[in-house]
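I opened the file to check a few backbone and side-chain details. My notes follow in the order I looked things up.

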Amino acid sequence: MSWMLTTASVPDRDKVAYWNDAVSRALVPMTVAPRGNGPFTGRITTDRFGYLQVSTMEADPKRASRTSALIAGSSAALVAVGVQISGTATFVQDGRRAEVGEGDLLVYDTSRPYSFDYPQRFTTHVFQLPRRMLGVPDTDIRAVTGAAIGTGDGFGAVLLPFLATLASSASAYPPAVADRLAGHVVDLFATLITERAHQDAASPDSARGHLLHRVRDHINRNLGDPSLSPEGIARAHHISVRYLHRLFEGEGTTVGRLIQQRRLQECGRELARRGRTAPTVSAVAQRWGFVNPAHFSRAFRAAYGVTPSEWRSLRTARGADGRSPADAPAPGTGPAADNAVGSTGLPDTGLLPCSG
């Protein structure tokens, strides 16, 4: 659906009032004050891609502000990404001031006061979506608001032409395509915000490495939870499931296989312990998140070349060569494992369930 609001046919004396109402209807409630003495002119064209709204605004110099009073009367909690096509702007939010030039991107949160000052005629694209759809922490959003994002290099260089093309041809897409595009745009915005928010954070290599480390730590701490899943992990880290899977694209494994691999390793360690009251195989499997004994046995044998019971016997009894269990190969490193385990630590058996 597409619609346009313009001052073209509005009497000069009513243009400012009309434009205030147009901006509030198309974007969010704001107060607009024109700069200059001549008749004010402006036009806003708006399209929807499911839950994503794309507006292109072209107008004369003006100041626009969203105050606490206007926010209090609005129920929408939106994040906006502006793309400056022509002209310049000064943006202020959270005490930070950004000078926005042509080709710059700007992220802002409509649930907190902000202001724009456009000293000359300008054109900008504004992408708005519900804040909850981004799946990123509020702290990350706050970290990137009030700063212009240049597109000379980095992720912004890839994002700008895509957004500009999408906005200029928004009305041409059928609903099914528009919905899919909305999902891709949300992922791109989440990536942009995460990258910018953590670009200076202390991390193994980068913001991606920092987040990946946190995800792996979360998996290790929750292996015994049968409900551990990509959806739950993504929710705990305020990212989308799609972005979670993208994090692991360069890791040689998937989230599901990593969970299964780590569970099998812990089961192997526990089964190798000697003691008078050693737990049963099924008890060990359940402790580490496997709820289906048959599936556990198949996965264990595929990874280590022996059944869990055989593994326990081999690891807890002194061998005929006099070696103690401590001398035997570690889980996943013996000859049987070499034949069964691929580069990810588990064979590609198609066994992906996270709950065992």
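I started at aspartate 94, which sits in the loop between strand E7 (89-93) and strand E8 (96-100). The model is predicted. I read a positive phi of about 55° for aspartate 94, although it is not a glycine. Most residues other than glycine have a negative phi. Aspartate 94 is partly exposed, because its relative accessibility is 34%, between the 20% and 50% cut-offs.

Next I turned to the salt bridges, and the count came to 18. I looked up the one between glutamate 58 and arginine 121, with N to O at 3.6 Å. Glutamate 58 is in strand E4 (residues 52-59) and arginine 121 in the loop between strand E10 (114-118) and strand E11 (122-130), so the pair, 63 residues apart, links distant parts of the chain. Glutamate 58 is partly exposed at 26%, and arginine 121 is partly exposed at 37%.

I then took aspartate 187 and arginine 242, whose salt bridge is 2.5 Å, N to O. This pair is 55 residues apart and joins helix H5 (residues 175-198) to helix H8 (residues 241-247). Aspartate 187 counts as buried at 7%, while arginine 242 is partly exposed at 44%.

Last, I checked how two helices pack. The axes of H9 (residues 255-271) and H11 (residues 293-304) come within 11 Å and cross at roughly 85°, which means H9 is roughly perpendicular to H11. Among the contact residues I noted Leu264 and Leu271 of H9, and Phe296 and Phe300 of H11. The contact residues divide into eight nonpolar, four polar and no charged.

Note on methods
Residues are numbered from 1 along each chain as its sequence is written. This is a predicted model: local features need pLDDT of at least 70, side-chain atom pairs count only at pLDDT 80 or more; totals for chains, interfaces and linings use all residues. Side-chain values use heavy atoms; hydrogens and water are left out. Helices (H or I, at least four residues) and strands (E, at least two) are DSSP runs, numbered from the N terminus. Buried means under 20% relative accessible area, exposed over 50%, partly exposed in between (1.4 Å probe, protein chains only). Axes are lines fitted to C-alpha atoms, for helices over the stretch in contact, and angles run from 0 to 180 degrees between N-to-C directions. Angles under 35 degrees count as roughly parallel, over 145 as roughly antiparallel, 65 to 115 as roughly perpendicular and the rest as oblique. Contact means heavy atoms within 4.5 Å. Ala, Val, Leu, Ile, Met, Phe, Trp, Tyr, Cys and Pro count as nonpolar, Asp, Glu, Lys and Arg as charged, and the others, Gly among them, as polar. A salt bridge is a side-chain nitrogen of Lys or Arg within 4 Å of a carboxyl oxygen of Asp or Glu.
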